Amino acid sequence: MALVLMPSTMKIVCPYCLSVNRLGADRDARRAKCGKCTGRLFDGRPHAVDKAAFDRHITRNDISVVADFWAEWCGPCKMMAPVFKAVTAEMEPALRFLKVDIEAEPALAARFQIRSIPMLMIFRKGVLFAHRGGALDRATLRAWLASLPAA
């Protein structure tokens, strides 16, 4: 069996002020607060982001980022919104969960060639790692995220 060394600190982007925080491996991430704005680094809900915030999260977080690309007019997106929120509450702080409104951020939709929504994309260190289209139920979403190899 190979020895896997975990970093003693991880970089976590604050979902409120976008500051990069160092979080010690010995700290309870669910209780951690931002050193700049004192907001909770993990509050159990997905955060809506614009292009700048999206880019900051996917490139500066040491944890994987799950982005839900959606639109207000999309029926399946509306059906999946409470599922995404519930899974966020369950799986944070292992993952960061973001919401990207493709109507408000068409450049992001074009950049990732979003052709159908909802579209879930997972990023690690700024690189697209996995994606899946269509509305998912809670068990399927949890199972899909749990099946992905650790970062």
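Visitor: What percentage of the 151 residues of the protein count as buried?

Guide: In this predicted model, 46% of the 151 residues count as buried, where buried means under 20% relative accessible area, exposed over 50% and partly exposed in between, with a 1.4 Å probe and protein chains only. Local features need pLDDT of at least 70, side-chain atom pairs count only at pLDDT 80 or more, and totals for chains, interfaces and linings use all residues. Residues are numbered from 1 along each chain as its sequence is written, and side-chain values use heavy atoms, leaving out hydrogens and water.

Visitor: How many helices and strands does the protein have?

Guide: The protein has four helices and seven strands; these are DSSP runs numbered from the N terminus, helices being H or I with at least four residues and strands E with at least two.

Visitor: Which residues of helix H4 are buried, and why are they said to line one face?

Guide: Leu141, Trp144 and Leu145 are buried in H4, residues 138–147. Seen down the axis of H4, the buried residues fall within an arc of 95 degrees, so they line one face of the helix; the arc is that of the directions from the helix axis to the C-beta atoms. The face turned away from the buried side carries the exposed residues Ala146 and Ser147.
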